[in-house]
Amino acid sequence: MNLIRHVPVRMCIGCGNRRTKGELIRFGRDASRSVSFDARRHTGRSFYLCPDPTCLNIVRKKMRRGGFLDGVDFEVLKSRMDREMENREEVE
Ligand SMILES: [Zn+2]
């Protein structure tokens with residue numbers, strides 16, 4: 001079996017590690033700059049995070065500096081990640 005094949009890789013905005021899309025939680029931002037989680041409906045940029053509270057903490061620090069994450073509600077990110085991690089545990 002050839003294990004070297006192309007898989008879509010995305011970068012976590014927290015730790016900056018590159019992982020396959022399936023390993024990361026996808027967040028989307030719509031035109032009103034709020035975070036939306038419906039990947040099919042959002043029209044703005046999307047970003048990715050590891051399902052890891054450590055990365056969430058890094059993001060919280062980055063958010064204080066504004067920039068790309070300006071206007072994002074940290075609690076929304078956190079609740080989304082909590083839910084995502086619960087789902088993953090059920091699957092495994
Ligand atoms: Zn990460």
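The model is a predicted one: local features need pLDDT of at least 70, side-chain atom pairs count only at pLDDT 80 or more, and totals for chains, interfaces and linings use all residues. Residues are numbered from 1 along each chain as its sequence is written.

Let's begin with strand S5, residues 46–49. Strands (E, at least two residues) and helices (H or I, at least four) are DSSP runs, numbered from the N terminus. In a regular strand, side chains alternate between the two faces of the sheet.

Phe47 counts as buried because 22 other C-beta atoms are within 10 Å. Leaving aside neighbours within four places in sequence, Phe47 is in contact with Ile13 and Phe27; contact means that C-beta atoms, placed from the backbone, lie within 7 Å.

S5 also has a partner: S3 (residues 25–29) pairs with S5 in the antiparallel sense over four bridges. Two strands pair if DSSP finds at least two bridges between them. Tyr48 in S5 is the bridge partner of Arg26.

Now step into the loop between S5 and helix H1 (53–64), where you will find Pro51. Pro51 is partly exposed because 18 other C-beta atoms are within 10 Å. Pro51 and Met81 are 30 residues apart in sequence, yet their C-alpha atoms are 6.5 Å apart in space.

Technical notes. A residue is buried if 20 or more other C-beta atoms lie within 10 Å of its own, exposed if 12 or fewer, and partly exposed in between; C-beta atoms are placed from the backbone. Two residues are in contact if their C-beta atoms, placed from the backbone, lie within 7 Å.
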